[in-house]
Amino acid sequence: MAKSEISSQSTPQLPQVLLMREPPAFTLCGEQPFSSDKFRYLKAYESTLPLDQFLTTHAQSVQAILSSHNAPVTAAILRLLPEARLVVTTSAGLNQIDLPECRRRGIKVANSGTVSAANVADLAIALLIDVKRKISASNRYVKQGLWSTNEDYPLGSKLRGKRVGIVGLGSIGSEIAKRLEAFGCYISYNSRNQKPSVSYPFYHEVHELAADSDVLIICCALNDQTHHLIDKEVLSALGKEGFIVNVGRGPIIDEKEMVRCLMKGEIAGAGLDVFEDEPDVPQELFALDNVVLSPHRAVFTQESINDLGKLVVGNLEAFFSSKPLLSEFLGD
């Protein structure tokens, strides 16, 4: 019997929170920031049982699930857990959770809220500056000893005065906009709805936003409406001088089309933290100096993981105490 099953049987007085896969935050910083004396984690990934058998075995004891972007909560899984009444996720995005099924079953959902918005915004700007000023590419150039034999390194491009289109002006997009204002950029946006509280120009159609932008930054949620939202038409509208940055979700961009555009010089460059089939990244991108890659780490810093741990624990403790959740997702 796996140690998670032994521990859950030895402490039946504590509520159990299901973990189907180890969250990336646990892998990076350990479990401690997410620990509590008010509940215990039931770790399916430490069991030798197949997942469906494990869930059936513990079906009556699981009231809450802790998910992450790598651990989908599907209708099939929820059908095996009739007592589940809460799904907490370590991510801001909810595309890995079957929200209609949760609503149908009366299951509450809590996400990471705005905990990591500043982190994601920082990395979006870092990727943009990197790809425009060729920082990673010039770093390789110097380290490979090429500077001493060829001083003619290609020029980069400044950020000030550029037209930046933001796709998704939520908490992350708003933080990105604040940073871009400091760089003297002209900001416009596309979002599900126009924001009456902001003065940036609003575009109903993403391809029109792309046509009027030097840079397109993707930070919207992934759902049926935004899957492959950035397609051939949008990339063509962005054009040969345009850059794209994605800190949202990989499938928001038609990745094959983007790779083709980059290789053919039909867009100028890309800064990417997310990919369509993670952790698999198109190998064609590896040799391109006008592409900067990051392994889906925009949300993670030591500080943000500690804050995320407090929020996750706070949501779970509130649930088990019949108190209001700290970051309940209430729908669109």
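Predicted model: local features only at pLDDT ≥ 70, side-chain atom pairs only at ≥ 80, totals over all residues.
Ground rules come first. Local features need pLDDT of at least 70, side-chain atom pairs count only at pLDDT 80 or more, and totals for chains, interfaces and linings use all residues. Residues are numbered from 1 along each chain as its sequence is written, and side-chain values use heavy atoms, with hydrogens and water left out.

Now the sheet. Helices (H or I, at least four residues) and strands (E, at least two) are DSSP runs, numbered from the N terminus. Two strands pair if DSSP finds at least two bridges between them. Five strands make an open sheet here, in the order E2-E1-E3-E4-E5, with parallel pairing. Which strands stand at the edges? Strand E2 (40-43) and strand E5 (108-110) do; each has a single partner strand, so one side of each is left without a neighbour in the sheet. From one strand to the next, the twist averages 25°. That angle comes from axes, which are lines fitted to C-alpha atoms, for helices over the stretch in contact; angles run from 0 to 180 degrees between N-to-C directions. Look at one pairing. E1 (residues 16-19) and E3 (residues 62-67) run parallel over three bridges. Gln16 sits opposite Val62 in E3.

Next, the backbone. The peptide bond from Glu278 to Pro279 is cis, omega near 5°. Pro279 is in the loop between strand E10 (269-272) and strand E11 (291-293). Two residues have positive phi without being glycine: His228 at about 55°, and Ser322 at about 60°. For accessibility, buried means under 20% relative accessible area, exposed over 50%, partly exposed in between, with a 1.4 Å probe and protein chains only. His228 is partly exposed at 25%, in the loop between strand E8 (215-218) and helix H10 (232-238). Ser322 is exposed at 71%. Ser322 comes in the segment after helix H12 (302-320).

Last, the rings. Rings of Phe, Tyr and Trp (its six-membered ring) pair if their centres lie within 6.5 Å; planes under 30 degrees apart are stacked, over 60 edge-to-face, the rest tilted. How many aromatic pairs does a search of the whole structure find? Seven. Tyr189 and Phe202 form a tilted one, 5.2 Å centre to centre, 55° between the planes. Tyr189 is in strand E7 (residues 186-190), and Phe202, 13 residues apart, is in the loop between E7 and helix H9 (206-211). Both are buried. Phe319 and Phe320 pair edge-to-face, at 5.1 Å and 65°. Phe319 is buried at 16%, while Phe320 is partly exposed at 22%. Ring pairs also link these two with Phe26, Phe34, Phe39 and Tyr41 into a cluster.
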